[in-house]
Amino acid sequence: MADAIHSMAVEEGLAMKVIVAKDKLVACTNDVMRAVSSKTTISILTGIKITATSGGLTLTGSDSDITIQAFIPTEENGIENIQIIKPGSIVLQARYFADIVKKLPDDTVTIEVDSRLMTRIQSGHSEFNLNGMDADEYPRLPVLREENTLSIRKDLLKQIIRQTVYAVSTSENRPILTGANWVFENKTLKCVATDSHRLARRTVTMDVEENHTITNLVIPGKSLNELGKILDDRDQDVVEMIATDNQVLFKTDHIQFYSRLLEGKYPETEGLIPNDVKTEVVLKTKDLLQAIDRASLLARDERNNLVKLKTVDQSSLEILSQSPEVGRVYENVPANKISGEELRISFSAKYMMDALNRIDSEELIIQFTGAMKPFILKPVDDPDLLMLILPVRTN
Amino acid sequence: MAESKPARIIFHIDMNSFYASVEMRHHPEWRGKPLAIAGRPEERRGIIVTASYEARKKGVKATMPVWQAKRLCPELIVQTPNFDLYKKASQQLFQLLRTYTPYVEKVSIDEGYMDVTTIKAGMHPVRLAQTIQTRVKTELELPSSIGIAPNKFLAKMASDMKKPMGITILRKRDLATKLWPLAIQEMHGVGKKTAEKLKALKIYTIGDLAHFDKKRLESMLGVYGGKLHERANGIDDRPVDPEAEAVHKSISQSTTLPEDIASVNEAKDVFLTLSQRLSKKLKDHNVCAYQIAITIRYHDWQTVNRSKTMKSAVYLSQDIFEMAMFLFNENWDGRPVRLLGISANALEDAAFRTKQLDLFTYAEDAKDEPLLETIQQLEEKFGTSVVQKGMRGFASQKEHKGRSSNDKSTF
């Protein structure tokens, strides 16, 4: 009897029904899963929202800081991805849905929702019935006006993220430093990140209209890292960026990536970057990276992750590291040129490697301004990138 | 009570100019030459940390600036400290001492106590001390002095009496001749402040202290006064504790509140006091902490401990306070609090302290460099009398300027 009522309800109360290509569904689910957090306190956000419209299928995932929306168009390059039988929407438990979709046997998946939110996922001979959640309870996305749009090349955006976001703070001591500061000024975009022990600054020339309203944003480092991972080669080359006071949206044809912005004023850092160079070293990026990498073999734990650098003459450096329990390592690194005062300085091997790993240029300039002052790393052929590291005071 | 127990035999081993000795072991060519260990010797403004006996003979002393030492002893070899090397040598030393007895207490990098009462072999304590001293000298190439006494205090005093390579026995019957004539500030455990207080009581020698009324001393200086009185009389029943070093892995301060508190401001006051006390303790033990933890005990005795590890070690009360307040704000749930505590963990010898400089504050640290440089330049022009802190130095400099008109050409 109960079964009869159940099947009747399914027949009569069809709330949504689509047939979708499995590979597209899997790819989009993976994208939006990046935003879903198992730690969320808002129960609806443990789900993925699925919305079918005549144009296609939209998936949404969010942890309320980051929201990712992925879109599968009904038809793409003359190939039909989806058949929309009944438009509608549903929220399904993200963890189960993602795992199920991945393992379905057939090339197509049918998703069918009844009026009681019971969702049937069917593919080949396999059928899952999941309890859905009401899509009306899912938070609405902010509406961002299209007029404040900027375009940025995708490869450039990925590079900016890779070369700056590593330096954001992971500690909540100063929350504003967990974000990267993007400043639009004089047709350039300047991106700065610092955890107060090191800093990265990347500038890019941009076609920004004079009356543009976006001037200064602080984007959470975590958001930018996720954005960097989600931007792949599937899409067109340009990303549209739209910002308001508290939200930023990055948009490609099939992905919309929303992030909350950090509130508060980002500290002024330009004045803290020294320019009174006392010692300048020009050398091969790889030579230094490998030497530091070897030196840090003995200095693994964070407390003793120290290397000492010393200028020897006009063409070589000494790198030294020691660990009381393990032993010591000493290495001579050739340099193309060393000018200025003699220098001895200690710094974190990790910070140095983080920076060197992100400098693509074959040659590198290091400018030291004193043993207790920041030093600057710059690629020889790229004036738009600057990295800075604060040394460690040892006595 | 101490008297009823069988007499103990305690050694205090004190390494002679340890850093310099370790350096000489690594640079045999320096043996017999005057050597000093100093911060940044190539920059002339370094301060001498320790000097070899050869250098001491020429008047070179710790805390002297390098340039001054060089003036006294032009052939002085100056070396930057290599703490990893000293740490290693220290480990070797204590390893060697532990081959004789497990009752070895490390006091610092270069000194320790041994309780040799139960060493069987039937060897005379002096012979044993000689054997140890010789082995340390030949196997580790390090000179030391050993004090032999029935307790830690007397052993410590004894090891100081003959340096380098001395062995001194201090028995209770030697007190009147060997210990009591010493000036009160020579007594181990009497710092500058205590010495001043004792001198105000007309106590100038250890003998004066030994004969002073114990009750009166206790009323003036508290429990510590009584302890000092006992020690001056050769009584000290502290055991040689091999675990003592481990105790220093954490230092904490806590207080049960007279009334439950329920506001951040009240907590602030408590943490401020605790931070100051903790900072003082850290300084007393010459250590700094890489981790700060707080304890919050609620009125219902539910107790919460939370900690934070830092990249740079802290020891200043302000830094400890900030860390404690950060932890409190993050973890307090608003209920009434009965007890608050702060503890400093992951302790490190202050000498090995490193500080990861901060972009927003590095200017403070960088300031130390040119300031020292300026003082040095002044010194070179006007001589050492100018090197005085604060107004006194300033005043004498002005005076100097006014009087010696001949020196005008140097400005």
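A: Let us begin with one residue. B:R231 lies in helix 11 (residues 223-232) of chain B; helices (H or I, at least four residues) and strands (E, at least two) are DSSP runs, numbered from the N terminus. The model is a predicted one, in which local features need pLDDT of at least 70 and side-chain atom pairs count only at pLDDT 80 or more, while totals for chains, interfaces and linings use all residues. Residues are numbered from 1 along each chain as its sequence is written, chains are lettered from A and ligands numbered from 1 in the order in which they are written, and side-chain values use heavy atoms, with hydrogens and water left out.

Q: Is B:R231 buried or exposed, and which side chain of opposite charge is nearest?

A: Buried means under 20% relative accessible area, exposed over 50%, and partly exposed in between (1.4 Å probe, protein chains only). A salt bridge is a side-chain nitrogen of Lys or Arg within 4 Å of a carboxyl oxygen of Asp or Glu. For charge, Lys and Arg count as positive and Asp and Glu as negative, whereas His and the chain ends are not counted. B:R231 is buried but has no salt bridge, and the nearest oppositely charged side chain, B:D236, is 4.1 Å away.

Q: Which residues does B:R231 touch?

A: Contact means heavy atoms within 4.5 Å. Setting aside residues up to four places away in sequence, B:R231 touches B:F153, B:L179, B:M187, B:D236 and B:R238.

Q: How many salt bridges are there over all chains?

A: The count is 32 salt bridges over all chains. One of them joins the side chains of B:E141 and B:R31 at 2.6 Å, N to O. These two residues are 110 residues apart and link distant parts of the chain: B:E141 is in the loop between helix 5 (125-139) and strand 7 (144-149) of chain B, and B:R31 is in the loop between helix 1 (18-26) and strand 2 (35-38) of chain B. B:E141 counts as partly exposed because its relative accessibility is 34%. Another salt bridge joins B:D174 and B:R171 at 3.6 Å, N to O. Here B:D174 is buried, with a relative accessible area of 11%, and B:R171 is partly exposed at 34%. In chain A, a network of salt bridges links A:K17, A:E112, A:R120 and A:E127.

Q: How does strand 1 of chain A pair with strand 9 of chain A?

A: Two strands pair if DSSP finds at least two bridges between them. Strand 1 (residues 14-21) and strand 9 (residues 108-114) of chain A pair in the antiparallel sense over 7 bridges, with A:M16 opposite A:V113. Strand 1 of chain A also pairs with strand 7 (residues 82-86) of chain A, again in the antiparallel sense, over 4 bridges; there A:V20 has A:I82 as its bridge partner.

Q: What is the area buried between chain A and chain B?

A: Buried area is the accessible area (1.4 Å probe) that two parts lose on being put together, summed over both. Between chain A and chain B it is about 2,900 Å², of which carbon and sulfur atoms give 53%. The contact takes 34 residues from chain A and 27 residues from chain B. The count between these chains is 1 salt bridge: B:D365 with A:R393, the closest N and O atoms being 2.6 Å apart.
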